[in-house]
Amino acid sequence: MSFSSKVKEELSRQWSPARHCQIAETAAVLSLCGRVKISASDHYAIEIHTENLAVARKYFTLLKKTFNINTDVLIRRGQMPGRSRTYMVAVREHEDALRVLQASKLLDSYGEIVEDLSLIHNVVVQNVCCKRAFIRGAFLSAGSISDPEKFYHFEITCASMRKAKQLQGLMASFDIEARIVLRKRYFVVYVKEGSQIAELLQIMEAPVALMELENIRIVKEMRNSVNRQVNCETANINKTVSAAVKQMEDIRYIQDTIGLESLPENLQEMARVRLERPEATLKELGEALEPPVGKSGVNHRLRKLSLMAEDLREKFPEQ
């Protein structure tokens, strides 16, 4: 089972005790994967489609517990080999369909199917708890989340930009910075920040998935921290080795041109110690001197040797 399927399985078992939250979740479901059918005689029916059995079970339970409606559940097999099944939860009775649509504020006083996408005036999403329920219903209907072991990505697919903007606004009320992108003919509301996806799981009330995600995030952050430290240490070692090689070249050049005996005593000693200890650090070189010298003193002497070698190369370019 994918991580996304596990999240939906957990969310399908979550149940808001307040009826207004149940209505908010139902409204999200109808908005993103519901179909309203109106016959020539103005008979209303509702169909909700999903490829996830756990989600279909949640739809069935919502309609049963919130509205005391008995629904039909149909299963359609994919016509092509390997295609998944589609589950349809249907409300056939006209009066039952009207009750659901009116409670979800998807039916106006003239009997027209209209959804109020305003975050201010839509009574369905006025309470914080109802916003949580609506986001949960939207994710169950048209959302997915990637395997956090690979990368972080949370998204909900919408049929219109206005719907995407509504979801983006609902998430923003919880300080979630979601973005919208057009993918083919759909508008996708997505989040890529690991910490914000964790926050969304908490908002939708998926504690088990949240714990799994947080454990993966901790391991990944520790691994990244170790890798950064190793890379830093490797870079420092390479830098130290490169500097030592250059220092050895400079000292040997001085030795081959004017001889180390022509140097001041402190630089002679520094040059010989470096030749004897090609892999030593500045601290180790300083401790080998008599008397011992600190790292800054060693660095100063080696720099003087390097400058002296450069001057000699200019005087004796052929050597």
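This is a friendly conversation about how to read one predicted model.

Biologist: What should I know before I start?

Modeller: Residues are numbered from 1 along each chain as its sequence is written.

Biologist: What is the radius of gyration of the chain?

Modeller: That value is taken over C-alpha atoms, and the globule rule is 2.2 Å times the number of residues to the power 0.38. For 319 residues a compact globule would be near 20 Å, but this chain has 35 Å. Its C-alpha trace also spans about 110 × 45 × 35 Å along the principal axes.

Biologist: Which helix could I look at, and how do I judge its span?

Modeller: The expected span of a helix is 1.5 Å times one less than its number of residues. Helix H8 (residues 207-257) has 51 residues and runs 74 Å from first C-alpha to last, close to the expected 75 Å.

Biologist: Which residues of H9 are buried?

Modeller: Buried means under 20% relative accessible area, exposed over 50%, and partly exposed in between (1.4 Å probe, protein chains only). In H9 the buried ones are Leu 267, Gln 268, Met 270, Ala 271, Val 273 and Arg 274. As for the pattern in general, an α-helix has 3.6 residues a turn, so residues three or four places apart point the same way. The cover over the buried residues of H9 includes H8, helix H10 (282-288) and helix H11 (295-315). Over the chain, buried residues make up 42% of the 319.

Biologist: Is Leu 62 buried or exposed?

Modeller: Leu 62, in helix H3 (residues 53-67), counts as buried because its relative accessibility is 3%. Contact means heavy atoms within 4.5 Å. Leaving aside residues up to four places away in sequence, Leu 62 touches Trp 15, Gln 22, Glu 25, Thr 26 and Phe 67. Its C-alpha lies 10.0 Å from that of Val 29, which is 33 residues away along the chain.

Biologist: And is Val 208 buried or exposed?

Modeller: Val 208, found in helix H8, is exposed, with a relative accessible area of 59%. Val 208 and Lys 6 are 202 residues apart in sequence, yet their C-alpha atoms are 9.3 Å apart.

Biologist: How do I read backbone angles?

Modeller: Most residues other than glycine have a negative phi, and most peptide bonds are trans. Asp 42 is not a glycine, yet has a positive phi of about 60°. Asp 42 sits in the loop between strand E1 (34-38) and strand E2 (44-50), and counts as exposed at 52% relative accessibility. Lys 184, also not a glycine, has a positive phi of about 60°. Its loop lies between strand E7 (179-183) and strand E8 (186-191), and Lys 184 is exposed at 80% relative accessibility. Just after H8, Gly 259 takes a positive phi of about 80°.

Biologist: Where is there a cis peptide bond?

Modeller: A cis bond joins Glu 290 and Pro 291, with omega about -5°. Pro 291 belongs to the loop between H10 and H11.

Definitions and conventions:
This is a predicted model: local features need pLDDT of at least 70, side-chain atom pairs count only at pLDDT 80 or more; totals for chains, interfaces and linings use all residues. Side-chain values use heavy atoms; hydrogens and water are left out. Helices (H or I, at least four residues) and strands (E, at least two) are DSSP runs, numbered from the N terminus.
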